[in-house]
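Reader: Could you take me through one part of this structure, up close? I would like to see the setting first and then the details.

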Amino acid sequence: LTSVIAGILLLGLGLPCEAQNGECKSICKEIRQEILQDVSVCLPSAQVHPIPKVFKACIDGRKKAFDQACVPTCTSSKKEFSSFEGCKSV
């Protein structure tokens with residue numbers, strides 16, 4: 001939880017470009033492990049058939065969304081992603 005709070009605070013700080021990208025990747029890697037460990041968000045999908053596929057799609061979707069959003073958000077990038085492109089690449 002501490003690293004999540006530290007990561008959120010660092011997301012708001014401006015860092016020089018090269019250092020910023022490396023630092024953001026490090027922050028995102030640490031936060032990703034903590035946030036994505038909690039699968040309770042996907043538990044409602046366990047009620048939808050076919051259960052294993054829908055639940056796995058929820059878990060995979062959370063990972064992909066986090067990976068697409070964290071570094072650009074941290075570096076204040078204007079890059080936008082569409083859910084269609086994310087699903088198309090799976």
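Author: Happy to. The chain exposes about 6500 Å², of which carbon and sulfur atoms supply 63% (Shrake-Rupley method, 1.4 Å probe). This is a predicted model, in which local features need pLDDT of at least 70 and side-chain atom pairs count only at pLDDT 80 or more, while totals for chains, interfaces and linings use all residues. Residues are numbered from 1 along each chain as its sequence is written, and side-chain values use heavy atoms, leaving out hydrogens and water.

The chain has four helices and zero strands (DSSP runs of H or I with at least four residues, or E with at least two). Of its 90 residues, 21% are buried (under 20% relative accessible area).

Arginine 62 is buried, yet has no salt bridge (a side-chain nitrogen of Lys or Arg within 4 Å of a carboxyl oxygen of Asp or Glu). The nearest side chain of opposite charge belongs to aspartate 38, 5.8 Å away. Not counting residues up to four places away in sequence, arginine 62 touches Ile35, Leu36, Asp38, Val39, Val41 and Cys42 (heavy atoms within 4.5 Å).

One of those neighbours, Leu36, also belongs to the largest nonpolar core, together with Cys24, Ile27, Cys28, Ile31, Phe66, Cys70, Val71 and Cys74 (buried Ala, Val, Leu, Ile, Met, Phe, Trp, Tyr and Cys residues joined through side-chain atoms within 4.5 Å). Helix H2 (17-37) and helix H3 (51-74) each supply at least two residues of this core, and H2 gives the most, with five.

Terms used:
Buried means under 20% relative accessible area, exposed over 50%, partly exposed in between (1.4 Å probe, protein chains only). Lys and Arg count as positive and Asp and Glu as negative; His and the chain ends are not counted.
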